[in-house]
Amino acid sequence: MELIKKGAPQYKANLHCHSVLSDGKLTPEELKMAYKDHGYSVLCITDHEYPKDHSDMTDSDFLMLTGYEAYIRKFENGCGDVMVPEIHINLIAKEPHIVDYIGWNDQYCKYAKDPDVRAGFNKVGSQETRRYDAEYINAFVKCAGDHGYLCTHNHPTWSLEDPAMIEKYEGFFSMEMCNYSSYLLNNTEYNANLYDYLLRRGKRIFCHSADDNHNGYPFGTPGCDSFGGFTMIMAENLDYSSVIKALENGDFYSSMGPIIHSVTIADGKIRVECDGAKQITAHFGGRHTPHAFGTKEEPLCKAEFDIPKTYKYVRISVVDFENRRADTRAVFPEEFI
C-alpha cells in the first residue's frame, strides 16, 4: 500500500481562513494573492456563519474551495464564554456552488449584517436552537453531509473540548492536527495526543493542519497567523473534483513544515522518504514508537520500521530541525492486509 506515492503531485492547501466577510482583516482577493505568492495551490475561505462561493477567483494554478465555519455553543443566544466548551466546524463544499446554510440561527449569524444577504441564504435543516451536545452536533454534521459538505473538527484544544465528548462525534472526515492561529495563542494546539486517543478507540478520522488566519498582524511579524499550518493534498489534478476526491479518500497529510515524499506499507514494514529531517517516528497505537534520528550534518531522509504483530494502526510523524511536525493519517489493518 502506498499511503503517499513517490512522485505523485502534492498541492499545498490552507483549509481554514477568514476574510473581511467575518473577522479577518484581508479581502478574499488579498488572501488568494498572499497564499499563491507563498507557494500554495488551494485555499478555502471559511468565514464564520457566512457560506460564500469564491470559485470565480480560481485560475489555472490556484484553486478556491467553497466553505464556511459554523459554531455551536452551550448558550441559546449563541454567546460564548471563554471558560465553557464549544465546537467549531468547517463545512467544505463538495461542489463549488454549494452555499446552503445548515441549521440557520439568527443569533449566530452576526457578521452578515446586510438584511438582503441574510435573506438570501438558502437555509436548510432544522432551525431549532443549537445545543452543545453530541446528539445535536451529530445531527448537524449529518445534515451538512446530506447537503454536499465535508465537515472538519476545528481546534478542539482552544475550544476546551473533553476527549470523552469528542469520542461521541460521528461524521467528521478530518480533525485539525495543528490550528496555527490557536497554536500561536496557546502553544498547545497540536493535537497528536488527542488524535491517537481517538484512533486507539477505533475512531476512523483523518488529520490535517490549517492556519485559521485572521491576519491581525502583518506578514513576516511574530504574530502573523498565516503560512504556519497546512495540508498537502495528493490529488490527481488541480481541479475541484480531484481535490475533493483526495480529501474524501484521505490522500493528504498534515504539516507545519516537513515534506513527506513517500510512505509505503509492504512485507510487514513501513518505509518513509522525506526532506532532510531530525526525527521520523512510527506510531502503532501503543507505548512503543520506533524512531530514527538525523543530524544537521547528516539529515534523515528515509527510514524503515517493522510493523509489530500486535498493533491498532500505523501512522508516521516527521520532525524537522525547527521542531516543526508533519503527520500522516492512520492506516488500519483492514486497509492493507
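This is a predicted model: local features need pLDDT of at least 70, side-chain atom pairs count only at pLDDT 80 or more; totals for chains, interfaces and linings use all residues.
Visitor: Where does His 155 lie?
Guide: His 155 lies in the loop between S8 and helix H4 (163–166). Those names come from DSSP: helices are H or I runs of at least four residues, strands are E runs of at least two, and both are numbered from the N terminus. Residues are numbered from 1 along each chain as its sequence is written, and side-chain values use heavy atoms, with hydrogens and water left out.

Visitor: Why does His 155 count as buried?
Guide: Buried means under 20% relative accessible area, exposed means over 50%, and partly exposed is in between (1.4 Å probe, protein chains only). His 155 has 2%, so it counts as buried.

Visitor: And what value is its phi near?
Guide: Phi of His 155 is near 25 degrees, a positive value in a residue other than glycine. As background, most residues other than glycine have a negative phi. Asp 212 also has a positive phi, about 55 degrees, and isn't a glycine. Asp 212 sits in the loop between S10 and S11, and with a relative accessible area of 6% it's buried.

Visitor: Which residues are closest to the centre of the largest pocket?
Guide: Asp 212 again, along with Asp 23, Ser 181, Leu 185 and His 214, out of 23 lining residues. The pocket's volume is about 430 Å³.

Visitor: What makes something a pocket?
Guide: Work on a 1 Å grid over the protein atoms alone: a cavity is a set of points where a 1.4 Å probe fits but cannot get out, whereas a pocket is an open set with protein on both sides within 12 Å along at least five of seven lines. Lining residues have an atom within 4 Å of a point. Points are joined across faces, edges and corners, and the volume is the space filled by probe spheres set on them.

Visitor: Which element gives the most to that lining?
Guide: H5, with four residues. The elements that give two or more are strand S4 (63–72) and helix H5 (180–186). By class, the lining has six nonpolar, 10 polar and seven charged residues. Here Ala, Val, Leu, Ile, Met, Phe, Trp, Tyr, Cys and Pro are nonpolar, Asp, Glu, Lys and Arg are charged, and the others, Gly among them, are polar.

Visitor: How many aromatic pairs does a search of the whole structure find?
Guide: It finds 18. Rings of Phe, Tyr and Trp (its six-membered ring) pair if their centres lie within 6.5 Å; planes under 30 degrees apart count as stacked, over 60 as edge-to-face, the rest as tilted.

Visitor: Why is the pair of Tyr 40 and Phe 230 edge-to-face?
Guide: Their planes are at 85 degrees and their centres 6.4 Å apart, so the pair is edge-to-face. Tyr 40 is in the loop between H1 and strand S3 (42–45) and Phe 230 is in strand S11, so the pair ties together parts that are 190 residues apart in sequence. Tyr 40 is buried at 2%, and Phe 230 is buried at 4%.

Visitor: What lies over the face of Phe 230?
Guide: Lys 12, at 4.3 Å from the ring centre. A charge sits over a ring if NZ of Lys or CZ of Arg is within 6 Å of the ring centre and within 35 degrees of the ring normal. The charged end of Arg 130 likewise sits over the ring of Tyr 108, 4.4 Å from its centre.

Visitor: Why does Trp 104 count as buried?
Guide: Its relative accessibility is 12%, under the 20% limit, so it counts as buried. Leaving aside neighbours within four places in sequence, its contacts (heavy atoms within 4.5 Å) include Cys 109, Arg 118 and Phe 121.
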